[in-house]
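Please look through the sequence and the coordinates before reading on.

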Amino acid sequence: MIALATVLAQAGDGASSALPVASNGSGVNSNLLIVIFASAIFYGTPLLLAALGEMLTERSGVLNLGLEGTMLMGAVAGCWASIHGTGPGWLVVIEALLAAMVVGGLTAALHAVLVLTFRVEQIVSGLAITILAGAAGLSSYLANSLELSKGPVPHRLEAIDVGGLSDLPVAGPLLFDHNALTYASWVLVGALWWYLFRSRRGLHLRAVGESPATADAMGISVARTRYAHTIAGGALAGLGGAFYPLAIIPLWSDGITGGRGWIALALVIFGFWRPELILVGAYLFGAFSSLGLTLQARNVEVSAQLLDSLPYLMTIVVLVFVSSGWARRRLGAPAALGTSYEREER
Amino acid sequence: MGLRLERRVDRPRWLTVAVPLASVAVALFVGGVVIALSGNDAVDTYARILERGFTSRGAFTATLTAATPLLFTGLAAAAAFRMGVFNIGGEGQLIVGAIGASGAAIALGDSASGPVLIVAMVVAGAAAGAAWAGIAAVLRAYLGTNEIITTLMLNYLAINLATYLVFGSTSAWRELTGTGLMFPQGKKIPDAARWPGIDFGNFTVGLGFFLGTAIAIGLFVLFRATRYGFSVRVIGDEPRAARYAGMRTRRTILSLLALSGAVAGIGGASDVGGTRYLLDPKALGQAGYGYAGIVVAALARLNPLAVVGVSILMGGLANAGRALQGPDFPAGLVGTLQGLLLVCTLAGELFARYRVRRTAPTPATPGAAA
């Protein structure tokens with residue numbers, strides 16, 4: 001954890017776009033706020049992608065606790081493809097993102113096979129995926145066999161200045177100084193909202209998650225819907241995982257995602273299974289993740305371990321908040337979440 | 001033509017043996033493919049794991065040492081999972097157990113005698129682990145907060161706490177003299193607080209392993225032969241029936257999670273007293289005892305007595321992994337093999353629970369999950 005923080009603090013390109021050098025004099029306070037918000041978006045992007053993926057999976061009634069392992073597999077794939085990809089830099093980055101999606105999807109497909117075909121309990125299967133693929137498992141084995149930690153990741157996601165808008169005061173650094181994946185994640189939030197609440201397929205998806213028996217009677221294939229959305233969710237989680245080596249920490253280390261997959265799981269509950277609320281939650285946690293670095297960069301003396309603990313601590317606090325009181329009824333939770341569906345025999 | 005699953009009414013005895021064995025065989029085969037794909041000789045790798053884990057000189061002693069923390073975290077997971085409470089926090093509970101036990105030993109210092117120190121370490125470790133699990137237990141029992149995520153977050157907080165005590169502060173846990181001034185490190189516990197082992201000639205068994213085995217027997221009896229164990233099983237299998245029967249669900253969740261945390265915490269005490277003799281946050285953070293414990297519990301099918309045997313097998317794997325680590329035995333291979341064993345065993349369960357039947361050519365179940 002400490003090593004991770006140091007690497008982060010030293011990491012050049014990726015973080016520097018979000019962490020401009022402290023400026024002089026009077027503007028410091030407003031600048032600090034902008035920096036905090038901008039880095040909240042930067043560090044929140046992988047959480048957002050993974051949580052959107054998990055939301056999609058859970059909307060079909062499948063709980064995938066293998067999110068952390070799936071993100072790590074995506075991170076390995078992205079890192080590997082960035083080193084071994086061919087073509088100009090921008091193309092290699094696209095290849096890396098595609099590789100991360102494919103491998104993330106495959107990891108989630110294993111979960112889908114286990115719970116849908118082999119009828120393993122969803123919680124147990126998800127844990128098994130994270131143990132198999134996690135920081136001490138396959139992702140570490142692959143990274144070591146493929147010698148990913150030999151040098152820095154060559155081709156990364158760089159901030160794209162959209163039409164020179166990044167020079168705008170306030171809005172520039174906040175909204176127009178991000179990399180392509182962050183912009184894509186905003187499009188994705190809108191697209192998923194439309195898909196869930198305005199499209200026929202989205203309606204079918206929600207039906208499967210709420211009442212698989214009814215959906216089945218309507219002629220919707222429960223198994224096919226669940227397979228498709230579990231795999232799609234895994235692809236997004238893989239993308240979120242790849243954000244770490246490609247944008248945040250440009251040198252591989254085992255367990256590079258640092259438990260963010262679990263935070264993303266909590267975010268889905270926090271966001272009541274709705275894309276737009278998940279976006280808010282992801283940036284909130286992005287802020288907690290980056291606060292330490294922002295303060296350190298400004299020589300504020302705070303215990304590194306305390307700052308490092310903030311996202312985990314806040315996850316518990318937030319989870320307590322949303323699981324108590326008025327939210328107790330689990331607003332938005334798919335009714336059939338975590339349960340298997342077997343058509344009754346005649 | 002399709003395949004159809006038919007639930008077995010009774011489970012033939014030979015299947016309960018054959019299915020796990022076949023699952024292990026499949027896991028080893030898939031693991032062999034993974035090893036071969038990374039350019040190494042699978043058969044040779046397995047032979048070396050067997051040798052360094054079990055058969056070579058001194059290997060079994062080291063295997064038992066490696067198995068001890070897995071025994072505790074495996075029992076902790078098995079106890080909680082038994083009731084459908086998913087305590088994923090064995091990792092963190094073991095770490096705070098190590099903090100508590102090393103703190104107790106350092107506080108008592110050289111003044112106390114060996115047995116007093118060891119008992120104090122066990123009690124402090126158990127109390128710390130129970131308290132850590134208690135946080136998640138209270139949140140789950142009174143506020144309905146998902147214990148999977150809270151216990152997991154508490155793992156990260158525990159390792160940060162241990163790191164803070166040794167690397168981020170001048171606490172009692174940190175060595176502040178000698179080389180400790182140059183390189184931050186944990187303070188050694190008094191020599192009298194080191195846990196003894198019993199020499200069996202060819203191998204040595206540490207006190208921690210005996211303690212873990214005793215706890216395993218205790219848990220087995222608790223679940224099999226007591227009223228408490230019965231209510232745990234009913235709450236796990238059928239929560240509504242338990243409530244109608246007047247069982248105290250909330251209180252049972254609290255006590256069982258605390259018990260589970262206490263067992264993992266004693267594992268931390270055993271790690272300090274029997275292996276490292278100081279609080280070593282880096283090693284604890286990398287070891288991943290908690291997650292391996294879940295594998296152990298699942299492979300043992302949550303049976304405390306089986307946990308003892310499975311922990312020895314997993315300990316052998318971990319021990320061999322440590323001994324063999326190098327270019328042709330990359331880090332992560334042990335975890336991969338553990339994960340494959342788990343995945344294949346879970347999938348194999350299908351064949352013990354269901355009979356796979358061919359259906360007639362007429363598509364009786366179109367698009368059914370098969």
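The notes below go topic by topic.

This is a predicted model, in which local features need pLDDT of at least 70, side-chain atom pairs count only at pLDDT 80 or more, and totals for chains, interfaces and linings use all residues. Residues are numbered from 1 along each chain as its sequence is written, chains are lettered from A and ligands numbered from 1 in the order in which they are written, and side-chain values use heavy atoms, with hydrogens and water left out.

**Helix H2 of chain B**

- Helices are DSSP runs of H or I with at least four residues, numbered from the N terminus.
- H2(B) has 14 residues (42–55), so at 1.5 Å a residue it should span 20 Å, and the 19 Å between its end C-alpha atoms agrees; the expected span is 1.5 Å times one less than the number of residues.
- Ala42(B), Thr45(B), Ile49(B) and Gly53(B) are the buried residues of H2(B) (under 20% relative accessible area, 1.4 Å probe, protein chains only).
- They lie on the same side of H2(B), because their arc around the axis is only 60°, taken from the directions from the helix axis to the C-beta atoms.
- On the other side, Val43(B), Leu50(B) and Thr55(B) are exposed (over 50%).
- The cover over the buried residues includes helices H1, H3, H13 and H14 of chain B.

**Ser185(A)**

- Ser185(A) sits in helix H9 (residues 180–198) of chain A and is buried, at 1% relative accessible area.
- Beyond neighbours within four places in sequence, Ser185(A) is in contact with Thr45(A), Leu48(A), Leu49(A) and Tyr283(A) (heavy atoms within 4.5 Å).

**Cysteines**

- Zero disulfides are found over all chains (cysteine sulfur atoms within 2.5 Å).
- Cys79(A) is buried at 0%, and Cys344(B) is buried at 14%.

How values were computed
Helices (H or I, at least four residues) and strands (E, at least two) are DSSP runs, numbered from the N terminus.
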